[in-house]
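This briefing describes one structural model for use in computational work. Please consult the sequence and the coordinates alongside the notes that follow.

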Amino acid sequence: MDIRNPIITGFHPDPSVVQVGEDYYLANSTFEYYPGIPIFHSTDLTQWELIGHVAVREGQLGSHEARTGGGAWAPTIRHHDGRFWLVIPDMMGGRGNVLFTAERPEGPWSDGVVMDVLGIDPDIAWDEDGVCHVTMSGFTLADDGTLTHQGITQVQLDTQTGAALSEPKHLWSGTGGMFPEAPHVYHIGDWWYLMIAEGGTERGHSVTIARGPAIDGPFEPCPHNPIVTARGSDRPAQNTGHGDLVRTPDGGWAMVLLGTRPRSMTRAFAPMGRETFLTPVTWQDDWPHAEPVHLGERHDAVERSFTFPSDAPAALDGFDPEIIAVRQFPREVADLATRPGWARLLGAGEGMEAFRPVFLGVRQCTEGMTVEVTLDVSDGVGGLSMRFDENFHLDVEVDGSEVTATMAANLLRQSWTHTRADADPVVRLRIVAKPAASGQLGVTVGCDLLRAEVFDGGEWVGVGRTDGRYLSSDVAESFTGRVVGPYARSGTVYVERIDYAGRDIERGALQEH
Ligand code: 6LW
C-alpha cells in the first residue's frame, strides 16, 4: 500500500473507521467546532473525501457550551443491521455519551440518544446473540463529585433508550500506561480482541491489545504490547496511538490512528495538532503486528479558495463543509444574504478572546501555508486570526488606517501596529507560516515562523511576526490544531474570500531541523 501519511491532514484526531462492502467511512473528533464530527469516504484507505458531518443541527451536540478542551471527543463508527452507528463522548459542557444512527453515512444522522454510561471513548459492538455492548474508558463518581478512573469497562445497552442493561464490568486496564482509553472490540477468527490506547495522547501514546473467548473477556494481553508507539524514537510522526483496525481492499489489515508531525530539533511542537495516519498490520499466531508509523512523502501543494456562498456540492447552508466555527454553526456566525458574494460578520464587541468569537476558519493542513482574506471594513473592526483557542491566537486586525497584529499566548501578549498608506476599506490580510530554520527573529526558531501581513501601497507589508511554538498543541495544551480565518470585533465586517495555499516541506529539510 502506498501510504502518504497523514491520510487526513489538519487537526483530525481520534479516527474511527468502518468498512461496508468496498467503501470505507471514517469519523473524527471536533471538540468545540461546528459542524461536528466529519465523515470521510474512501475506497482505498489512502485517499479520503469529506462527504458529510454527523452534527449539523442544534441540539445534536452540546458544543455551544463546551468548555475549552471539551466538546465532541473520540467517536466509534460501525455498520450493523443495515444502519450506521456512531457513539461519541460529548464532554465538559456537552450532553455526555451520545449514540447517533443514520441510514446513509453522509447523513442525515439522528438527534442522538444519551447513553446511561459513565466514561469516555465509547465503542459499540454486538455479540453473537445480537446483544449490544458499549465498552469505554470507565469512571465512577463519588458522592463528593470525584471521578475515579476504572480502566476499560463494558455495559450492555438498550439502543432505543440508551439505558444500561448491566452493571459496568471491568475488562482490562492495559499494560500500565496512563489513561487506558479508546477501546474497540472486534470478533476476528476464534477470538474477541480488545484494543485500547494508553500512555496519554502525547509522546507516551501507544496502542495495546488483549484477546479472550467472549466479548466481555476474560482478556489476556498480547505478549508484544505495545503494538504501536513512537515513544523513545525520533520518528517524524509522534504521539501515534488511538487506533481502529480495518481490512484492506486486498484482504490484508491496517490500522487508522492519530499522530502528530511535531517540529523543532527535539520534535517538540506540533502546529497542526493530531492528524489521522494509517499503518499496515499483519497477523501471526492470532496476534496483530503493526508497522511503525511512517510519515511518507507528501509534497502535493494545497490550494483552496473559499467564497460565499460555497459552490461545494455538499455545502452546509451555503458554507463549504471545510469551514468551521467556534461553539456555533457557520450559519450562526455569518449571513450570506445581505450582500451577494460576501459573508457578513456582525462584531459583538470582543475579538478572538471571546468564548464564542465571530469567526470562520479552516484548518492548517500543510506544514507551510499562507491564508489570505479579503475584507470590507468600512463599517467595522475585524481581521484574520490563527487560533488554537480563546487564549492562544495570532490576530491581524484592521481599525480604519491602523493595522494591529497581536500574539496572545495565554497571559502573555505582544502587539505591533502599522499605519496604512492605503485608505481603501477593502483590505487584504494574510498570515504566513513558514517552517523555519535557526537564526530567524535573531533567535532559534524551532517550529515555524509566523508572519502577519497587510497588503498596503501595492505590496505585502509585515505587521508582526512571532515564533510558531506559541501556537502549537504542546504549548496551548490543546486537543485541537491551528484554525485560520476572518473575524469581526465590532460593527459590520464583510468577507469576500479566504484563500489557502500551502505545502509540506521536503522530508530532508525536516531531518535537518
Ligand atoms: C479522547 C481521548 C483522549 O477522547 O483525548 O487523551 C480525548 N485522550 O482518547 C480527546 O481526543
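The model is predicted, with ipTM 0.91 and pTM 0.97. The domain assignment of the chain gives domain 1 as residues 16-225 and domain 2 as residues 302-512.

**Confidence**

- The pLDDT of the chain averages 95, and 96% of the residues score at least 70.
- Residues 509-513 are an exception to keep in view, as pLDDT stays under 50 there.
- For this stretch, 509-513, the model has four contacts beyond four places in sequence.

**Domains and their contact**

- The centres of domain 1 and domain 2, taken over C-alpha atoms, are separated by 33 Å.
- Domain 1 contributes 15 residues to the contact, and domain 2 contributes 14 residues.
- On the side of domain 1 that touches domain 2, β3 (33-34) and β5 (49-55) each supply at least two residues.
- The largest share of that side of domain 1 comes from β5, with four residues.
- By class, the side of domain 1 that touches domain 2 has eight nonpolar, six polar and one charged residues.

**The sheet β1-β2-β4-β5**

- This open sheet has four strands in the order β1-β2-β4-β5, and its pairing is antiparallel.
- β1 and β5 are the edge strands, each with a single partner strand, so one side of each is left without a neighbour in the sheet.
- Neighbouring strands of this sheet are turned by 25° against each other on average, direction ignored.
- β1 (residues 16-20) pairs with β2 (residues 23-27) in the antiparallel sense over five bridges, and S16 stands opposite A27 in β2.
- The hairpin of β1 and β2 has two residues between the strands, and G21 takes a positive phi near 60° in it.
- β4 (residues 36-42) runs antiparallel to β5, with five bridges joining the two strands; I39 stands opposite G52 in β5.

**The sheet β11-β12-β13-β14**

- A further open sheet has four strands, ordered β11-β12-β13-β14 with antiparallel pairing.
- The edges are formed by β11 (119-126) and β14 (169-172), each with a single partner strand, so one side of each is left without a neighbour in the sheet.
- From one strand to the next, the twist averages 40°.
- β12 (residues 132-141) and β13 (residues 147-156) run antiparallel and are joined by eight bridges; T140 stands opposite T148 in β13.

- β8 (residues 83-91) and β9 (residues 96-102) run antiparallel and are joined by seven bridges, with I88 opposite V98 in β9.
- In the hairpin of β8 and β9, which has four residues between the strands, M92 takes a positive phi near 50°.
- β9 also pairs in the antiparallel sense with β10 (residues 113-114), over two bridges.
- V98 of β9, which stands opposite I88, also stands opposite V114 in β10.

**Backbone geometry to check**

- Most residues other than glycine have a negative phi, and most peptide bonds are trans.
- The peptide bond from Y34 to P35 is cis, with omega near -5°; P35 lies in the loop between β3 and β4.
- The peptide bond from F308 to P309 is also cis, with omega near 0°; P309 lies in the loop between β24 (302-307) and β25 (325-326).
- D14 has a positive phi of about 55° although it is not a glycine, and D14 is placed in the segment before β1.

Technical notes:
Residues numbered from 1 in each chain as written. Predicted model: local features only at pLDDT ≥ 70, side-chain atom pairs only at ≥ 80, totals over all residues. pLDDT = per-residue confidence, 0-100. Contact = placed C-beta atoms within 7 Å. Pairing = 2+ DSSP bridges. Axes fitted to C-alpha atoms, helices over the stretch in contact; angles between N-to-C directions. Domains from an automatic or database assignment. Nonpolar A, V, L, I, M, F, W, Y, C, P; charged D, E, K, R; others polar.
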